[in-house]
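The stops below tell you what to select next.

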Amino acid sequence: MVATIKTPVAADEPKYDRKIDVKAFDETKLGVKGLLDTGVTTLPPIFVNNQDLPLDRLTVVQDEAAKHAGIPIIDFSGVNDDPARRKEIVKEIQDAHATWGFFQIVNHGIPQSMLDEIREGVLKFFELDVETRRKYYSREYEKKKFVYNSNYFLYEGPVTNWRDTISTMIAPVSADPEEIPEVCRDIILEYSKEVLKLGYTMFELLSEAMGLPPNYLKDWDCGEQMMLLGHYYPPCPEPEKAIGINNHKDNDFLTILLQDEVGGLQVLNENRWVEVPFVPGALVINTGDLLQLVSNGKFQSVVHRVQSKKVGPRISVAGFFRPEFTNHRKYGPIKEILSEENPAIYTECTHWEYFQSYLSTGQDGTPALDRFKI
């Protein structure tokens with residue numbers, strides 16, 4: 001028998017206890033996909049986005065207009081074998097961060113066939129029967145290197161996102177192949193190797209963009225840990241009430257994202273939301289809070305979100321680069337880039353100290369770095 005969630009008449013009734021419904025949803029181990037498969041036609045209250053934040057009322061630029069909004073697309077041809085072109089790419093990355101904080105890259109070296117296959121692999125996992133998926137459902141990230149669940153911040157977040165995720169630990173020690181479901185095992189391991197290589201190239205370019213030696217950020221353990229996340233956003237019966245993932249900044253150094261043509265990813269720019277257009281073969285790059293911290297604000301971590309849609313599912317695959325939580329290195333503005341004209345604006349903290357600040361906000365829109373401002 002399929003477990004169900006008791007649904008009150010309205011989320012704003014005085015007796016409604018969101019925590020009870022969140023726990024009930026989590027214990028079904030069905031995820032949003034499983035909930036939709038039960039035939040729901042209206043949004044359960046835990047998924048209703050009632051925040052009404054000022055950011056939510058801003059103009060949205062999408063469809064054809066988004067294609068002309070100017071989100072940079074950088075051609076990586078020659079990045080590793082043409083010194084002159086590499087310098088141009090570094091300058092383009094600097095400019096992209098100065099204006100957007102988000103950009104897309106093409107000719108990055110990962111073949112289109114592999115991009116298609118990793119999206120298909122994520123889809124195949126979520127098309128497994130309920131009981132097979134349930135075997136992988138867990139929140140024990142410390143014990144398991146392949147985890148399936150819904151909403152990392154399920155219990156801390158202000159609204160439950162209309163999204164499920166599979167997470168695979170890739171570095172420094174990769175998940176045992178037997179831990180990963182067979183339907184997506186090979187492609188996760190193959191694709192992650194390419195994303196790791198690309199991530200290390202990105203760290204070199206970002207180091208150079210700050211006038212530092214190419215290996216600076218890598219040697220600082222900025223990409224010590226890499227986790228590959230496969231996101232599944234089912235079609236939503238009431239997308240105007242839901243959110244795929246609410247307004248947030250990434251809690252890492254660097255994110256490399258593959259999206260599909262369904263769309264919905266939006267970035268905050270100049271007091272408006274701009275949808276990141278789907279570009280065949282492209283990968284989306286954005287920097288997280290930790291890169292903003294060490295660059296002393298030179299590279300900005302930008303607020304973004306994913307809107308729910310009637311169509312779908314939307315599949316995206318993200319490589320998250322950050323230090324391990326057990327790494328006790330203190331991260332702060334890189335001393336080599338500081339000067340009288342550019343004094344430090346943040347104090348130092350460990351990755352764990354920063355992450356605890358991020359958790360305490362519950363993704364409520366409060367910048368986690370504010371706690372570390374001087």
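Is Y232 buried or exposed? Y232 is buried, with a relative accessible area of 5%; buried means under 20% relative accessible area, exposed over 50%, and partly exposed in between (1.4 Å probe, protein chains only).

Before going on, note that this is a predicted model, in which local features need pLDDT of at least 70 and side-chain atom pairs count only at pLDDT 80 or more, while totals for chains, interfaces and linings use all residues. Residues are numbered from 1 along each chain as its sequence is written, and side-chain values use heavy atoms, with hydrogens and water left out.

**Stop 1: aromatic pairs**

The structure holds 23 aromatic pairs. Rings of Phe, Tyr and Trp (its six-membered ring) pair if their centres lie within 6.5 Å; planes under 30 degrees apart count as stacked, over 60 as edge-to-face and the rest as tilted. Select F126 together with Y232: this pair is stacked, with 4.6 Å centre to centre and 25 degrees between the planes. F126 belongs to helix 5 and Y232 to strand 6 (residues 225–233), so the pair links distant parts of the chain, 106 residues apart. Helices (H or I, at least four residues) and strands (E, at least two) are DSSP runs, numbered from the N terminus. F126 is buried too, at 0% relative accessibility.

Next select Y136 and F146. Their ring centres are 5.5 Å apart and their planes stand at 80 degrees, so this pair is edge-to-face. Y136 sits in the loop between helix 6 (130–134) and strand 4 (146–149), while F146 is in strand 4. Y136 is partly exposed at 22% relative accessibility, whereas F146 is buried at 3%.

**Stop 2: charges over rings**

Select K218 and Y200: K218 lies over the face of Y200, at 4.4 Å from the ring centre. Then select R305, which lies over the face of W273 at 4.0 Å from the ring centre. A charge sits over a ring if NZ of Lys or CZ of Arg is within 6 Å of the ring centre and within 35 degrees of the ring normal.

**Stop 3**

Eight of them form an open sheet in the order 2-3-11-8-13-6-5-4, with mixed pairing; two strands pair if DSSP finds at least two bridges between them. Strand 2 (73–75) and strand 4 are the edge strands, each pairing on one side only. Strand 8 (residues 254–258) and strand 13 run antiparallel and are joined by five bridges. Select L258 to find its bridge partner in strand 13, V317.

Show helix 7 next. Helix 7 packs on the sheet, and the strands it touches include strand 3, strand 4 and strand 5; contact means heavy atoms within 4.5 Å. The direction of helix 7 makes about 135 degrees with that of strand 8. Axes are lines fitted to C-alpha atoms, for helices over the stretch in contact, and angles run from 0 to 180 degrees between N-to-C directions.

**Stop 3: backbone details**

Most residues other than glycine have a negative phi, and most peptide bonds are trans. Select A171 and P172: the peptide bond from A171 to P172 is cis, with omega near 10 degrees. P172 lies in the loop between strand 5 (164–171) and helix 7 (182–209). Last, select N296, which is not a glycine but has a positive phi of about 60 degrees. N296 is buried, with a relative accessible area of 6%.
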